Amino acid sequence: MMNFVTRLLARSQPVIAEARAQDAAAIAAVHAASFQRSWGEDEFQRLMAERSVVAHRATIGRTLIGFIVSRITAGEAEILSVGIAPAWRGRGFARPLLDLHLRRLAGLGVRTVFLEVGENNAPAGRLYRRAGFREVGRRPGYYDGATTALVLRRDLG
Ligand SMILES: CC(C)(COP(=O)(O)OP(=O)(O)OC[C@H]1O[C@@H](n2cnc3c(N)ncnc32)[C@H](O)[C@@H]1OP(=O)(O)O)[C@@H](O)C(=O)NCCC(=O)NCCS
């Protein structure tokens with residue numbers, strides 16, 4: 001039987017906030033559960049120490065359930081990675097995380113955001129298209145020699 005806390009958490013909405021270096025281990029864990037080629041805690045620590053990197057996290061209670069990381073270069077940003085822990089997917093949690101992240105990028109003067117997504121990654125594709133991203137390029141065989149990566153773009157403001 002589900003206990004009270006578990007039921008409460010199951011109905012919760014995530015709290016979204018800027019991610020800090022101390023979130024690196026939890027972010028790396030979500031990343032490892034989300035991608036075949038995972039980035040370690042050290043890599044996230046290094047990334048988040050860069051001044052040009054912006055990262056947000058989504059938490060429910062004390063559990064980090066999602067993250068998004070971008071790097072800004074000369075008024076443009078690239079979303080480097082985004083993930084929601086498998087147990088929390090399919091509940092619409094990525095959208096508010098992405099929206100807040102894009103607002104923060106806009107506040108930092110970013111005009112254009114790019115990202116790459118596998119053409120067969122339906123959840124990510126839907127997420128980005130609903131958020132206003134449009135395809136501007138294709139990179140055949142980009143990921144594993146077989147999967148085409150789509151380059152998506154969204155202009156901010
Ligand atoms: C992509 C990801 C972040 C989306 O997070 P999420 O919180 O589960 O997203 P949502 O619940 O908002 O679902 C996003 C959309 O995908 C749809 N979707 C969810 N699961 C799906 C599936 N298995 N097949 C097709 N569409 C699916 C949802 O219906 C929603 O579309 P809608 O808004 O038109 O209804 C999450 O799936 C994830 O972490 N995937 C692994 C890592 C990854 O691929 N990251 C992106 C790399 S570019």
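**Entry 1: the ligand shell**

I looked up which helix gives the most to the shell around the ligand, and helix 5 does, with 6 residues. I take helices (H or I, at least four residues) and strands (E, at least two) as DSSP runs, numbered from the N terminus. The model is a predicted one, in which local features need pLDDT of at least 70 and side-chain atom pairs count only at pLDDT 80 or more, while totals for chains, interfaces and linings use all residues. I number residues from 1 along each chain as its sequence is written.

I found 19 residues around the ligand, and Arg 89, Ala 94, Ala 122, Pro 123 and Arg 126 come nearest. A residue is near a molecule or strand if its C-beta atom, placed from the backbone, lies within 6 Å of it. Strand 4, helix 4 (94-107) and helix 5 (122-130) are the elements that give two or more residues to this shell. I sorted the shell residues into 9 nonpolar, 5 polar and 5 charged. For this sorting, Ala, Val, Leu, Ile, Met, Phe, Trp, Tyr, Cys and Pro count as nonpolar, Asp, Glu, Lys and Arg as charged, and the others, Gly among them, as polar.

**Entry 2: the whole chain**

I read 5 helices and 7 strands in the chain. From the N terminus on, their order is α-β-α-α-β-β-β-α-β-α-β-β. The radius of gyration is 16 Å, close to the 15 Å that the globule rule gives for 157 residues, so the chain is as compact as a globular protein of that length. That radius is taken over C-alpha atoms, and the rule is 2.2 Å times the number of residues to the power 0.38. The C-alpha trace spans about 50 × 35 × 30 Å along its principal axes.

I followed strand 2 (residues 53-60) into strand 3 (residues 63-73), and the two pair in the antiparallel sense over 8 bridges. Strands pair if DSSP finds at least two bridges between them. Val 53 has Arg 71 in strand 3 as its bridge partner. This hairpin has 2 residues between the strands, and Gly 61 takes a positive phi near 60 degrees.

Strand 3 also runs antiparallel to strand 4 (residues 76-84), with 8 bridges joining them. Here I noted Val 82 in strand 4 as the bridge partner of Ile 68. Ala 74 lies in the loop between strand 3 and strand 4. Ala 74 has a positive phi of about 50 degrees although it is not a glycine. Is Ala 74 buried or exposed? Ala 74 is exposed, with 8 other C-beta atoms within 10 Å. The cut-offs are 20 or more such atoms within 10 Å for buried, 12 or fewer for exposed, and in between for partly exposed, with C-beta atoms placed from the backbone.

**Entry 3: the core**

I looked at the largest nonpolar core, which has 33 residues; Ile 27, Phe 67, Ile 68 and Val 113 have the most contacts inside it. Such a core is a set of buried Ala, Val, Leu, Ile, Met, Phe, Trp, Tyr and Cys residues joined through C-beta atoms within 7 Å. Helix 4 supplies the largest share of this core, 5 residues. Leaving aside neighbours within four places in sequence, I list among the contacts of Ile 68 the residues Ala 55, Ile 79, Leu 97 and His 101. Two residues are in contact if their C-beta atoms, placed from the backbone, lie within 7 Å.
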